[in-house]
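Open the model in your viewer, switch to a cartoon view and keep the selection tool at hand.

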Amino acid sequence: MKRYILPEKMLTYMTHATKHTFGHQFFSKFKLLDPPDDPSIYIVEFPVELQHCNAGKTLHGGVTSTLVDLVTTLGLTSNCPNLRMNVSVSLQTDFLKGVSPGEKIKLISKTNRVGKTMGFTTCTIFNEKEEMISSASHVKAFIDKPLKEEIEKFFANQRNSSQNN
């Protein structure tokens, strides 16, 4: 497996690209953790807040599935030649343990396979005690919109802006 863009660049780009969308509230709170040497692994930390919880004041299952979707998309896209855009085909999430507001969770995404038309990922989520709270698999289909040029243009504009200031 090869990484086509550094994790920190992919996270920066996705945080910018989702600025006025639902995903931004999550991407903007992701803290990238040092990944192992394995380029198929992508690790982020996320602070659970009350707004992410259900009536029982534990992390909402829908939020958990959203976090899985976002972090596996970061990982898969960075492992995809031409950084192709992708859409969800299947997302299976198992909920094993609750998490309360104020806790940080660690999401570990693994890109298992990048094919011609589909990508296959898994994600495990751990609480601060390193207990697994959720396990998921995510299948994505690639669409004919390479992001490579768009991402390169974004970082070129950032460099030009910082040089002009």
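This is a predicted model: local features need pLDDT of at least 70, side-chain atom pairs count only at pLDDT 80 or more; totals for chains, interfaces and linings use all residues.

Select the six strands: they make an open sheet, and reading across it the order is β1-β2-β4-β5-β6-β3, with antiparallel pairing. At the edges you will find β1 (31-32) and β3 (84-95), each of which pairs on one side only.

Now zoom in on one pair. Select residues 41-47 for β2 and residues 104-114 for β4: these antiparallel strands are joined by seven bridges. For a landmark here, pick Glu 45 and look opposite, where Lys 106 of β4 stands.

Which strands does α3 lie across? The helix lies across β2, β3, β4, β5 (118-126) and β6 (132-146), and its direction makes an angle of about 140° with β3.

Show the surface and go to the largest pocket, with a volume of about 310 Å³. Its lining counts 18 residues, and the ones closest to the centre are Met 14, Thr 18, Thr 73, Met 85 and Asn 86, so select these five to centre your view. Colour by element of structure and you will see that α1 (7-17), α3, β3 and β6 each supply at least two lining residues. Colouring by class instead gives eight nonpolar, six polar and four charged residues in this lining.

Move on to the second largest pocket, which holds about 180 Å³ of space. To display its lining, select Tyr 4, Ile 5, Leu 6, Lys 9, Asn 82, Leu 83, Lys 148, Ile 151, Glu 152, Phe 155 and Arg 159. Which helix gives the most to this lining? That is α4, residues 148-164, with five residues. By class, the lining of the second largest pocket has six nonpolar residues, one polar and four charged.

For the last stop, select His 52, in the loop between β2 and α3. Is His 52 buried or exposed? With a relative accessible area of 2%, His 52 falls under the 20% cut-off and therefore counts as buried. Show what surrounds it: leaving out residues up to four places away in sequence, His 52 touches Phe 26, Phe 46, Pro 47, Thr 58, Leu 59, His 60 and Val 63.

Key
Residues are numbered from 1 along each chain as its sequence is written. Side-chain values use heavy atoms; hydrogens and water are left out. Two strands pair if DSSP finds at least two bridges between them. Helices (H or I, at least four residues) and strands (E, at least two) are DSSP runs, numbered from the N terminus. Contact means heavy atoms within 4.5 Å. Axes are lines fitted to C-alpha atoms, for helices over the stretch in contact, and angles run from 0 to 180 degrees between N-to-C directions. On a 1 Å grid over the protein atoms alone, a cavity is a set of points where a 1.4 Å probe fits but cannot get out, and a pocket is an open set with protein on both sides within 12 Å along at least five of seven lines; lining residues have an atom within 4 Å of a point. Grid points are joined across faces, edges and corners, and a volume is the space filled by probe spheres set on the points. Ala, Val, Leu, Ile, Met, Phe, Trp, Tyr, Cys and Pro count as nonpolar, Asp, Glu, Lys and Arg as charged, and the others, Gly among them, as polar. Buried means under 20% relative accessible area, exposed over 50%, partly exposed in between (1.4 Å probe, protein chains only).
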